[in-house]
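This briefing is for a reader who is meeting the structure for the first time. Please look over the sequence and the model before reading on.

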Amino acid sequence: QVQLVESGGGLVQPGGSLRLSCAASVSINSIPTKAWYRQAPGKQRELVAHITNVDSTNYADSVKGRFTISSDNAKNTVYLQMNSLKPEDTAVYYCHINGWVNSRLYDYWGQGTQVTVSS
């Protein structure tokens, strides 16, 4: 069973920074897509950022220029560096890995980590 364990969430003031981590129990080097999603109360889960196995990245318009996704394959960990945080970034953040590797489908979610941006 694949496990994804997120950490790094918390309470931060507007303008502050946090770095989220997602540690996987399997090698993530070849997994096609690693991503961070978020879900605010009363809203649908939305894609925040994703990174491919060739380090191509993509971001939601609302976080471009503020958030950076990265992957450390040696540590099987995906990161989300969040700077210039705004109250509207408040949500539960989820890590997700997805794609086919050697005829096996990977489609796993972490348990989520709460990020609250408030003064």
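The notes below go from the whole chain to single residues.

The structure is a predicted model. The chain has eleven strands and zero helices. Its radius of gyration is 14 Å, which agrees with the value near 14 Å for a compact globule of 119 residues.

**Overall form**

- Read along the sequence, the pattern is β-β-β-β-β-β-β-β-β-β-β.
- Taken along the principal axes, the box filled by the C-alpha atoms of the chain is roughly 45 × 25 × 25 Å.
- Of the 119 residues, 44% count as buried.
- Among contacts between residues at least 6 apart in sequence, 55% join residues at least 24 apart.

**Surface and charge**

- The chain has an accessible surface of about 6300 Å². Carbon and sulfur atoms account for 44% of that surface.
- There are 10 positive and 8 negative charges in the chain, and their mean positions are 1 Å apart.

**Aromatic pairs**

- The structure holds two aromatic pairs. One of them is formed by Tyr106 and Tyr108.
- The rings of Tyr106 and Tyr108 are 6.3 Å apart, centre to centre, with 65 degrees between the planes. The pair is edge-to-face because its angle of 65 degrees is over the cut-off of 60 degrees.
- Tyr106 and Tyr108 are both buried.

**Strand 5, strand 6 and the loop between them**

- Thr52 lies in strand 5, which spans residues 46-52. Thr52 counts as buried because its relative accessibility is 16%, under the 20% cut-off.
- Leaving aside residues up to four places away in sequence, Thr52 touches Pro32 and Lys34.
- Val54 is in the loop between strand 5 and strand 6. With a relative accessibility of 65%, Val54 counts as exposed.
- Val54 and Leu4 are 50 residues apart along the chain, and their C-alpha atoms are separated by 21 Å.
- Asp55 is found in the loop between strand 5 and strand 6. Asp55 is exposed, at 53% relative accessible area.
- The phi of Asp55 is near 65 degrees, a positive value in a residue other than glycine.
- Thr57 is found in strand 6, which covers residues 57-59. Thr57 counts as partly exposed, at 37% relative accessibility.
- Apart from residues up to four places away in sequence, Thr57 touches His50, Ile51 and Ile69.
- Thr57 and Cys22 are 35 residues apart in sequence, and the distance from C-alpha to C-alpha is 16 Å.

**The loop between strand 2 and strand 3**

- Gln13 lies in the loop between strand 2 (10-12) and strand 3 (18-24). Gln13 is exposed, with 55% relative accessible area.
- Along the chain, Gln13 and Val117 are 104 residues apart, yet their C-alpha atoms are separated by 5.4 Å.
- Gln13 touches Val117 and Ser118, when residues up to four places away in sequence are not counted.

**The loops on either side of strand 8**

- Asn76 lies in the loop between strand 7 (67-72) and strand 8.
- The contacts of Asn76, not counting residues up to four places away in sequence, are Cys22, Ala23, Ala24, Val26, Ser27 and Ile28.
- Asn76 and Glu46 are 30 residues apart along the chain, with their C-alpha atoms separated by 23 Å.
- Ser84 is in the loop between strand 8 (77-82) and strand 9 (91-101). Ser84 has a relative accessible area of 42% and is partly exposed.
- Ser84 is not a glycine, but its phi is positive, at about 50 degrees.

Key
Residues numbered from 1 in each chain as written. Predicted model: local features only at pLDDT ≥ 70, side-chain atom pairs only at ≥ 80, totals over all residues. Heavy atoms only, no water. Helix = DSSP H or I, 4+ residues; strand = E, 2+ residues; numbered from the N terminus. Rg over C-alpha atoms; globule rule 2.2 N^0.38 Å. Buried < 20%, exposed > 50% of the residue type's maximum accessible area, 1.4 Å probe, protein only. Contact = heavy atoms within 4.5 Å. Areas by Shrake-Rupley, 256 points an atom, 1.4 Å probe, with all protein chains shown as cover. Lys, Arg positive; Asp, Glu negative; His and termini not counted. Charge placed at Lys NZ, Arg CZ, Asp CG, Glu CD. Phe/Tyr/Trp six-rings, centres within 6.5 Å; stacked < 30°, edge-to-face > 60°.
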